[in-house]
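These are my notebook entries on one structure. I record here what I looked up, entry by entry.

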Amino acid sequence: MAFVERRLDGHVATVTLSRPDALNAISGDVAVELSGELLSAGADPDAWVVVLAAAGEKAFCVGADLKERNRLDDAGWLHNRVLMRGMFDSLRALPQPTIASVFGHALGGGFELALNCDLIVASEDAIFGLPETRVGIVPGGAGTQLLSRKVGPGLAKELIFTNRRVSAEEAYEMGLANRVVPREQLDDATAALAAEILRSSPVGNREAKAAIDRGLDLPLEAALDLEDLAWRRAVASEDRREGIAAFNEKRDPEWTGR
């Protein structure tokens, strides 16, 4: 049984968690399957934007499968950790812009999946939270690091220490969600954002993403050197030549992603 589905529509790859009967909880098998589909999407030259979506009505993802974890011994927990870490690393390593399309509950690892994406489109009923410390563990999908970078360490600590859940509107106000829409508009709003991104050069977007992500924790001058390298790689691309030509010819560019 497949727990993850991947499809390519034009230049948008959609990777969908498909375990709605378990509220898309992440078991070891789900982690392995999701890692593989993400790596495949990342390597696809025709995929210029990657959307992370979920099946079902109640939850984007409620996090790790705690029923499975209840059966694990200490060695099993450590093995499961390797699978989970690899899944989150695979998502964060995607060179393309990534969008999480979130509805319902996004808790624990589900919230972290969204945090590991570049952008979040949330339905009005979305609820975000990191409840790990309530069961004696720590957010381990980059939650402690990404949340603190997005909202600041003080608020991140409050949310993690208290397990406070955050509505979609509050997530938007915090800068966590980029767009909040009614539930019935979620798919269309996600597709519209992806289409907006596709108007820009896929080479330019990849290089800009790499410069931002890799420069975040560097001193400014070192980060500017990264930006310069990204600029030089983009300038050497076919997309740069097409983009400048299209601008001067007053037409839409025809990107190749090269």
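I first noted that buried means under 20% relative accessible area and exposed over 50%, with partly exposed in between (1.4 Å probe, protein chains only). The model is predicted, so I kept to local features with pLDDT of at least 70 and side-chain atom pairs at pLDDT 80 or more, while totals for chains, interfaces and linings use all residues. Residues are numbered from 1 along each chain as its sequence is written, and side-chain values use heavy atoms, without hydrogens and water.

Entry on Thr 98. I found Thr 98 in strand β5 (residues 98–102); helices (H or I, at least four residues) and strands (E, at least two) are DSSP runs, numbered from the N terminus. Thr 98 counts as buried because its relative accessibility is 1%. Contact means heavy atoms within 4.5 Å. Leaving aside neighbours within four places in sequence, I listed the contacts of Thr 98 as Val 50, Asn 116, Cys 117, Asp 118, Leu 119 and Lys 209.

Entry on helix α3. Which residues of α3 are buried? I recorded Gly 76, Asn 80, Met 84, Met 87, Phe 88, Ser 90 and Leu 91. They cover an arc of only 155 degrees around the axis, which puts them on the same side of α3; the arc is that of the directions from the helix axis to the C-beta atoms. On the other side of α3, Asp 74, Ala 75, Leu 78, His 79 and Val 82 are exposed. What covers the buried residues of α3 includes α1 (28–43), β3 (49–54), α2 (66–69) and α4 (109–115).
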